[in-house]
Amino acid sequence: MESIWSQTQSMPEKPFLPGNIEVEAAVIGGGMAGILTAWYLKEAGIDAVVLEADQIASGQTKNTTAKITAQHGLIYQKLIDSLGIDSAKKYANANLQAIKAYRDIIASLKIDCDFQELPSYIYSVLDAETLQEETKAAQKLGIPAEFTLQTSLPFPIKGAVCFSKQAQFHPLKFLSVLADQLDIYTQTRVQKVEDNRIQTNRGIVQAKYIVFTCHYPFQLTPGFYFMRMHQERSYVLALENAGQMNGMYLGIDPDGLSFRHHGDFLLLGGGGHRTGENRMGGRYDTLRQVARKFWPESLEKGHWSAQDCMPLDGVPYIGQFAASVPNWYVATGFGKWGMTSSMVAALGIRDLITGHKNPDLEVFSPQRFTPAASAGTFLDNSLHAVRDLSRRILAPPREELDALPNGHGGIVEYQGEKVGVYKDETGKVFAVSIKCPHLGCQLEWNPDEKSWDCPCHGSRFDYHGRLLDDPAQEGLQHV
């Protein structure tokens, strides 16, 4: 089902690339990060175009919960411990400046996008001490934070950290105004990038500066981003006749929930998991149980899911793509904070291209080396990749085709091969290869989305085999 944002705002139609062109800057990806980057480059006098494989905001931007906040879970004590207080301050300052930048654009262009300044809370029903430590860490960095027990949550808590003067908005209403004023080519899939040459399905783009804002960089080298991130999914319900919140909320407990209101709707989120690890499903049903428990009169008006790139040390990769390609730039690894991080990226990449000094950007450098913060995550990602690469070769099929119920998917032996099969409600069989075309990992069935998901790097495909999410650049083979 479409998100509440897609249900209430259509995006401007843009042409596809008409043929070979030459520009000063090309931005790959037409989501929030790409549109903002192109906007700031244009404002700085840089001739920039956006190349989008589908339509504007057709990727992760349309599925965000659209919180604009510097409160990114339990981040600041971790950053102080692993990177030092100076780097933690740069991270905090960059995100606080991002909130201000949104406010400034919306005010200057008079954008009607339901922008509201609200407090943002992280809370726990189990642990007060960790939240008290996070409060002190944030205060050390100059963030307006306080520990509190006073919230509008419908259940008791052990404590919460409140950041004042954060914000929320309607992302597509905001983007539609900016997109109207930019050169954007849709239905233009980038297939390959070499030096300053971008090959697309519509023609060649020559650009002095190339910016990758396509969620997950599809170029394997240089950069090796597939070794430095994994992806996670999370789920959202839009509820009518549910409680109103006095701010935005995120639970830090293992089964923590996310809340924010939008007009008459309450957005209830949760059920997060590593992409490719949801074989049993039931994520939406778990959220529906929460809704029935606390707001039995509520009505579900929409549900959707989102996908996020998770960096090794919890800090996005924003800056020069790799040392060997000085005129390539990247913005990825936003974790679950894509709206604020998109603005941090747009401002930072503009400053790099225009030669403006931005000391806060150092903490986001893709060339950073942070073994203390990254070692555990790197090992976990590596073990996942080895396991899921070998699973395709060694693990037996899990289902018999005849035993697979209608409306379900699974890995079966079909015509002598181990394949991915979905049976629709009429019993029609859709069989595809379970080898991810990105790097060959075995795909897994996600019953909540009726999709084939890669547990290694997060590529996703519908049951027809059509590509849904990168880094893969092609669909699955039919069997």
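## Notebook: cysteines, prolines and the overall fold

I began with Cys 214, which counts as buried at 16% relative accessibility. The cut-off for buried is under 20% relative accessible area. The model I am reading is predicted.

I then looked for a sulfur partner. Cys 214 is in no disulfide. The nearest cysteine sulfur belongs to Cys 309 and is 9.3 Å away.

**Disulfide**

How many disulfides does the structure hold? I found one. The bond joins Cys 441 to Cys 456, with an S to S distance of 2.0 Å. I noted the torsion about the S-S bond as about -95°, so this disulfide is left-handed.

Which parts does the pair tie together? Cys 441 lies in the loop between β20 (429–432) and β21 (444–446), and Cys 456 in the loop between β22 (451–453) and β23 (460–462), so the parts joined are 15 residues apart in sequence. I looked up the accessibility of both ends. Cys 441 is buried, with a relative accessible area of 1%. Cys 456 is buried too, with a value of 3%.

**Around the disulfide loops**

I moved to Pro 455, which is in the loop between β22 and β23. Pro 455 is buried, with a relative accessible area of 2%. I noted a C-alpha separation of 8.1 Å between Pro 455 and Gln 231, although the two are 224 residues apart along the chain.

Lys 450 lies in the loop between β21 and β22. Its phi is near 50°, a positive value in a residue other than glycine. I put Lys 450 down as partly exposed, with a relative accessible area of 31%.

**Other backbone entries**

Most residues other than glycine have a negative phi, and most peptide bonds are trans. I therefore listed the exceptions I came across, with this rule in mind.

Asp 195 is not a glycine, yet has a positive phi of about 55°. I placed Asp 195 in the loop between β8 (190–194) and β9 (197–200). Is Asp 195 buried or exposed? At 63% relative accessibility, Asp 195 counts as exposed.

A cis peptide bond joins Thr 221 and Pro 222, with omega about -10°. I found Pro 222 in the loop between β10 (204–212) and β11 (229–240). The peptide bond from Asp 470 to Pro 471 is also cis, with omega near 25°. Pro 471 sits in the segment after β24 (467–469).

**Thr 61**

I looked up Thr 61 in the loop between β2 (48–51) and β3 (67–68). Thr 61 is buried, with a relative accessible area of 8%. Leaving out residues up to four places away in sequence, I listed its contacts, among them Gly 31, Pro 171, Leu 175 and Met 339.

**Whole protein**

I counted nine helices and 24 strands. The radius of gyration is 22 Å, close to the 23 Å from the globule rule for 479 residues, so the protein is as compact as a globular protein of that length. The C-alpha trace spans about 65 × 60 × 45 Å along its principal axes.

Of the 479 residues, 57% count as buried. Among contacts with a separation of 6 or more, I noted that 70% come from residues 24 or more positions apart. The protein exposes about 19,700 Å², of which carbon and sulfur atoms supply 49%. I ended with the charges: 45 positive and 54 negative side chains, the centres of the two sets lying 2 Å apart.

Methods
Residues numbered from 1 in each chain as written. Predicted model: local features only at pLDDT ≥ 70, side-chain atom pairs only at ≥ 80, totals over all residues. Heavy atoms only, no water. Helix = DSSP H or I, 4+ residues; strand = E, 2+ residues; numbered from the N terminus. Rg over C-alpha atoms; globule rule 2.2 N^0.38 Å. Buried < 20%, exposed > 50% of the residue type's maximum accessible area, 1.4 Å probe, protein only. Contact = heavy atoms within 4.5 Å. Areas by Shrake-Rupley, 256 points an atom, 1.4 Å probe, with all protein chains shown as cover. Lys, Arg positive; Asp, Glu negative; His and termini not counted. Charge placed at Lys NZ, Arg CZ, Asp CG, Glu CD. Disulfide = S-S within 2.5 Å.
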